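Subject: Structure handover

Hi,

Here is the structure I promised to pass on. Please open it alongside this note; my findings follow below.

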Amino acid sequence: MTYNTPMKISFSKDLPQNLTSYDFLKSFAVLTMIIDHIGMYLFPEQNEWRVIGRMSMPVWLFLVGYANSRDLSSFLWIGGSILVLSTVVMGEGLLPFNILFTILFVRFFLDGVMRVFLKDIESKIFTILLMVILVVPTGFIFDYGTHAFLFAIYGYLVRHQNKLNISRAFILAIMGVAVVVHSFYQRYHFGFDYIEAVYSAAGMLGISLFMIKFQSKLYPNVTKRLPMLMTAAIQLMGRHSLEVYVVHLLVLKLISFYFYPEHFGLFEIKWF
C-alpha cells in the first residue's frame, strides 16, 4: 500500500517524512516536561505543574529500554555538561546530575542488568529489590536514581516480550512496581498532599499502561490531515527532544533569574 502526502516535512533525511509513534510519544513527554519545568522555575509554590510533569520521566526511560541501541551519544554528554555548567553559573546545586546523565548511565548498564534479571525468578526478584533499595541514595547522585532502571526494564520487556516468552501479566507487574516506587518517591520529593499524590500516580499509571502496546508505526493519514505547522511542531519535539530539553531549561533559568534573583547565587558552588 502506498500513501501520498501533500507536503514533505522532515528535520532529518534519515527519518521518515510521516509522523511516527515515536514522534507522538516523545511530544507528550516534551510537553509534560516543559509544564513541569515552568512550575519548577516560575511557579514553585504551585504543585499542580509538578504533578503533570511526573508523567514525563516514565516515557524517556521506557524508550531507553525499548530501544535496541545503547548509543552513548556525544550530544547527551554535551547537553548534560552545558546544563551542569548552567547550574554553576546560576548557583544551583550540582547534584543530582540531570536526567541526560541518568539516560547515559542506564544505557551503559542496562544490558548487563538485563542479563542478570533474565536468568531466573530469583534473579528477577533480586534485581528489582536492589533497584528499589538504592532509589534514595542514588537519587542524590543522578536524577531519579535507580528507579530509572525500573521503567527501562519495563520498556525492554515490552520490546522483547515475544522473543523472551514473558507473559503480559509479568510485564504489568514490573510496570506496577515502577509506578508505585516512582509515585512514593515523587510524593516524598515534592511534598505532594494526598490529592496531588493520587493525581500524580493516576497520570503515571495511565501513560505506563498506554506504553505496554507501544510499537514503531507510521501515520501517513494523520500526517496528511494535520496542519503543516502542527506536524512540524510534533516532529520537532519528537526528533529534537534533546535540544528542546537543553534550550528550554536555559531559557527558563534566565527568566526565573530575572523575576526571582534572590533564588540564585551567581557562581556560588553548591552540591545540593
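The count of salt bridges comes to five. Keep in mind that this is a predicted model.

**Salt bridges**

Start with D36 and R50. They form a salt bridge, with the closest N and O atoms 2.5 Å apart. D36 sits in helix α1 (residues 21-42) and R50 in helix α2 (residues 47-53), so the pair ties together parts that are 14 residues apart in sequence. D36 is buried, at 6% relative accessible area. R50 is buried too, at 12%. There is also a network here: salt bridges link D36, R50 and R54.

Next, R70 and D111. Their side chains meet in a salt bridge at 3.1 Å, N to O. R70 belongs to the loop between α3 and α4 (74-90), and D111 to helix α5 (residues 99-117), so this pair ties together parts 41 residues apart in sequence. Are the two partners buried or exposed? R70 counts as buried, with 16% relative accessibility. D111 counts as partly exposed because its value is 31%, and buried means under 20%.

Then K253 and E92. This salt bridge spans 2.4 Å, N to O. It links distant parts of the chain: K253 is in helix α13 (residues 241-259), E92 is in the loop between α4 and α5, and 161 residues separate them. Both K253 and E92 are buried.

Y41 lies in helix α1. It is buried, with a relative accessible area of 7%. Beyond four places in sequence, Y41 is in contact with E92, L249, L252, K253, S256, Y260 and F264. Note that E92 and K253, the salt-bridge partners, are both on that list. For a distance check, the C-alpha atoms of Y41 and L164 are separated by 43 Å, and the two residues are 123 apart along the chain.

S200 is in helix α10. It counts as buried, at 2% relative accessibility. Leaving out residues up to four places away in sequence, S200 touches V51, R54 and F192. R54 is the residue from the network with D36 and R50.

The largest nonpolar core has 64 residues. Which of them touch the most other members? They are L61 and I153.

**A pocket**

The second largest pocket holds about 200 Å³ of space. Its lining is S21, F24, L25, F28, I207, F210, K213, F214, Q215, K217 and Y219. Helices α1 and α10 (194-211) each supply at least two lining residues. Which helix gives the most? That is α1, with four residues.

**Backbone points to check**

Most residues other than glycine have a negative phi, and most peptide bonds are trans.

- L95 and P96 are joined by a cis peptide bond, with omega about 0°. P96 lies in the loop between α4 and α5.
- Y144 has a positive phi, near 75°. It is found in the loop between α7 (135-139) and α8 (147-164). Y144 counts as buried, at 15% relative accessibility.
- F267 also has a positive phi, near 60°. Its place is in the segment after α13. F267 is exposed, with a relative accessible area of 58%.

**Confidence**

The mean pLDDT of the protein chain is 92. Of its residues, 95% reach 70 or more. Where does pLDDT stay under 50? Over residues 1-13, for which the model has 22 contacts beyond four places in sequence. Where pLDDT is low, the predicted coordinates should not be read in detail.

Best wishes

Methods
Residues are numbered from 1 along each chain as its sequence is written. This is a predicted model: local features need pLDDT of at least 70, side-chain atom pairs count only at pLDDT 80 or more; totals for chains, interfaces and linings use all residues. Side-chain values use heavy atoms; hydrogens and water are left out. A nonpolar core is a set of buried Ala, Val, Leu, Ile, Met, Phe, Trp, Tyr and Cys residues joined through side-chain atoms within 4.5 Å. Buried means under 20% relative accessible area, exposed over 50%, partly exposed in between (1.4 Å probe, protein chains only). pLDDT is the predictor's confidence in each residue, from 0 to 100. Contact means heavy atoms within 4.5 Å. A salt bridge is a side-chain nitrogen of Lys or Arg within 4 Å of a carboxyl oxygen of Asp or Glu. On a 1 Å grid over the protein atoms alone, a cavity is a set of points where a 1.4 Å probe fits but cannot get out, and a pocket is an open set with protein on both sides within 12 Å along at least five of seven lines; lining residues have an atom within 4 Å of a point. Grid points are joined across faces, edges and corners, and a volume is the space filled by probe spheres set on the points.
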